[in-house]
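User: I'd like to talk through the salt bridges in this protein. Could you take me through a few of them?

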Amino acid sequence: MAYLDNIHSPQDIKNLTTAELENVAAEVRAAVLNRDSKVGGHVGPNLGIVETVIALHYVFDSPKDKIVFDVSHQCYPHKILTGRQNGFLDDAGMIAISGYTNPAESEHDHFVVGHTSTSVSLACGLAKARDLQGQKHNVIAVIGDGSLSGGEALEGFSNAAVLGSNIIIILNDNEMSIAENHGGLYNNLRLLRQTNGTAENNMFKAWGFDYRYVADGNSLSDMIAALKEVKDCRKPTVLHVHTLKGKGYAPAEEAKERWHWSLPFDINSGEVTFKPEGESYNDIIPEYLIEKVAEDNKVVVVNAGTPGAVGLTPEKRRKLGKNFVDVGIAEEHAVAMSSALAKGGCKPVYCVWSSFVQRTYDQLSQDLAINNNPAVILVFGNGISAGDVTHLGCFDIPLISNIPNIVYLAPATKEETLAMLEWGIEQTGHPVVIRVPSSVVVDGKPADTDFASYQAVRKGEQVAILALGSFLKLGLQTADKLKENGIEATVINPRIVSVLDEKLLHELKQKHEIVVTLEDGVLDGGFGEKVARFYGADNMKVLNYGAKKEFTDRVPLDKLYRRYRLMPDLIAEDVLKIK
């Protein structure tokens, strides 16, 4: 890396020629591919924005001039140019660098950002703070066209337009979200591209922005010239930049959705080198939904811009046809629309990632639960994990299960998952949320549909273990450990999170002294606390196991399990201490 070896901050590129910057761009792309191929990460978005980021750091003076990246899917080149190239070139250094912007890593990052549509709102705040303090610097938001479909982006644009001072919004238009874009606003982006930014119908001008268009955002000379024009502007300005997602890596240019994000892969062949074994719920559930739609035209599968994350590949979406609705990255709209679909006589199934369902709490409560419409929501990607701080799936239990009217179910097996999904689609009494197991697929016995009652998997005495959802296996392993110490524990699969099976809990008082609850999520406001509250006036001792209320960032799962004592030997040890 002839150039990157000597680039430790943006200052190190400011005296390079355009030809030299082209060489920097080639090295940045190679570094992005090197990291992604070894540890996985966002491929296409970062490859497509290389020239834009180089030009940004060439023209502006970061960190005095403040650059805010939306989602962070496009921040790798920025990280490489701001002293973190070891996280892309050195295998040992990769684990130290987040895939998202992070102020703890660098003064050039201003926010921890991993969710979409936030950059313009954040930039508005930085610009207002600057103006109130009489400071002079540029504030730049970098947002992709896919992020425009999120409601907060439109709120941010609406308010940025009337700020009355310097704020520069770089709209990176690569004609893609994670998958294809959905929504009427993309008609205007298409028109602007087709007319080289000259169309009279221009939503950004209508809002009140100054507007410029760059047809080739992968041209360093064009980008440098455009950024010099807008630098130090005195009114809100949109720089609309057309780029190629995946540029410089043929597989990513050709299959843009597939290469938005990837597991580790072989650069030469493009073949993924890490492939999970066995069945996946991302295969099982879409196949079930395809069959269900074929039988019943009222079934509608809804997603909010992340179809691949829930197994809805392009081929499967084609099979669903008009009964598949992608609303773009708009979870709030997805929940409200699902509620109305149910009210209109359809049977909606909204598939969403756990960390993204947080963005629609108000609609879960107001538009769905208060109206008690029988929509089904499948929550994927849940549970305690080693993920980035922005993508933790451990908060959905307290978030959803405490909203009245919502039936929140937690299956432990494939059979339970499909039975709950079938029941949820056909029932008409309540909204139903199903926590898709985050574990490997486990086969079990055919499930009955009395999901408000817990199921005893093993019957014993003295100790009862209530192991929720994917933690049923942990409950059985803990019972085995207790058996080694002469205790034949009862193991219960609760199956439902939102209500207690009070009849069974009363029955446990007869032959049990200790109840242990296990849940794959945060404890505060969760399942175990409900059980502990139930036994509050009794002599029953209750031990709750789950995650602490904390943000973790890429902490290995085995370390978290040990921290939370979510291991059979540690749980058994705790039980024996109070026995």
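Here are some questions and answers on charged side-chain pairs.

Analyst: A heads-up before you ask: this is a predicted model, where local features need pLDDT of at least 70 and side-chain atom pairs count only at pLDDT 80 or more, while totals for chains, interfaces and linings use all residues. Residues are numbered from 1 along each chain as its sequence is written, and side-chain values use heavy atoms, with hydrogens and water left out.

User: How many salt bridges does the structure hold?

Analyst: Side chains of opposite charge can pair when their charged atoms come close. A salt bridge here is a side-chain nitrogen of Lys or Arg within 4 Å of a carboxyl oxygen of Asp or Glu. Going by that, the total is 33.

User: Which residue meets D91 in a salt bridge?

Analyst: D91 sits in the loop between α5 (86–89) and α6 (119–132), and its partner is 53 residues apart, in helix α1 (residues 18–39). Helices are DSSP runs of H or I with at least four residues, strands are E runs of at least two, and both are numbered from the N terminus. The N to O distance is 2.9 Å, and the partner is K38.

User: Is D173 buried or exposed?

Analyst: D173 lies in strand β4 (residues 168–173) and pairs with R193 in helix α8 (residues 185–194). Buried means under 20% relative accessible area, exposed over 50%, and partly exposed in between (1.4 Å probe, protein chains only). D173 has a relative accessible area of 0%, so the word is buried.

User: What is the N to O distance between R565 and E573?

Analyst: R565 is partly exposed at 27%, and E573 is partly exposed at 36%. Their side chains meet in a salt bridge at 3.1 Å.
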